[in-house]
Amino acid sequence: MGNIGLGEILILVLVVLILFGPNKLPELGKSLGKAVGEFRRGIKEGFEEKDDSSKSDSTTPSKPA
């Protein structure tokens with residue numbers, strides 16, 4: 001359960017083709033690609049910020065009591 005086979009993918013593509021039409025598919029694919037790219041860039045920047053903050057926290061001297 002949870003595996004998507006070739007038949008399911010073909011049905012999904014057919015439904016999308018019927019809903020959006022063949023003229024909208026390139027535009028839809030382009031916007032989907034941009035969204036995935038932005039998501040990946042955001043995840044990467046989040047990890048970089050986390051790494052930067054953890055490095056700066058470990059190098060700051062603690063205040064004497």
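Author: The model is a predicted one. Take helix H1 as the opening case: H1 has 15 residues and spans 21 Å from its first C-alpha to its last, close to the 21 Å expected at 1.5 Å a residue.

Reader: How many helices and strands does the protein have?

Author: The secondary structure consists of 2 helices and 0 strands. H1 covers residues 6–20, and H2 covers residues 25–59.

Reader: How should I read spacing along a helix?

Author: An α-helix has 3.6 residues a turn, so residues three or four places apart point the same way. The case here is the pair Glu38 and Arg41, both in helix H2 and 3 residues apart, about one turn of the helix. Glu38 forms a salt bridge with Arg41, and their closest N and O atoms are 2.6 Å apart. Arg41 counts as partly exposed because its relative accessible area is 44%.

Reader: How many salt bridges are there by this rule?

Author: The count is 2. The cut-off is a side-chain nitrogen of Lys or Arg within 4 Å of a carboxyl oxygen of Asp or Glu.

Reader: Why is Glu27 called exposed, and why is Lys24 called partly exposed?

Author: Exposed means over 50% relative accessible area, buried means under 20%, and partly exposed lies in between. Glu27 has 52%, so Glu27 is exposed. Lys24 has 43%, so Lys24 is partly exposed.

Reader: What share of the residues counts as buried?

Author: Of the 65 residues, 2% count as buried. The protein exposes about 6,300 Å², and carbon and sulfur atoms supply 65% of that area.

Reader: Which residues form the nonpolar patch on the surface?

Author: The patch is made of Ile11, Val15, Leu19, Phe20 and Leu28, with about 470 Å² of accessible area together. Helix H1 gives the most to this patch, with 4 residues. Leu28 is found in helix H2. A patch residue needs over 30% relative accessible area; Leu28 has 32%, so Leu28 counts as partly exposed.

Reader: Which residues form the negative surface patch?

Author: Glu45, Glu48, Glu49, Asp51 and Asp52 form the negative patch. Asp51, one of these residues, lies in helix H2. Asp51 counts as partly exposed because its relative accessibility is 42%.

Conventions:
Residues are numbered from 1 along each chain as its sequence is written. This is a predicted model: local features need pLDDT of at least 70, side-chain atom pairs count only at pLDDT 80 or more; totals for chains, interfaces and linings use all residues. Side-chain values use heavy atoms; hydrogens and water are left out. Patches are made of residues with over 30% relative accessible area and no salt bridge: like charges are joined within 9 Å, nonpolar side chains (Val, Leu, Ile, Met, Phe, Trp, Tyr) within 5 Å. Accessible areas come from the Shrake-Rupley method with a 1.4 Å probe; for residues, only the protein chains shown count as cover. Buried means under 20% relative accessible area, exposed over 50%, partly exposed in between (1.4 Å probe, protein chains only). Lys and Arg count as positive and Asp and Glu as negative; His and the chain ends are not counted. The place of a charge is taken as NZ of Lys, CZ of Arg, CG of Asp or CD of Glu. The expected span of a helix is 1.5 Å times one less than its number of residues.
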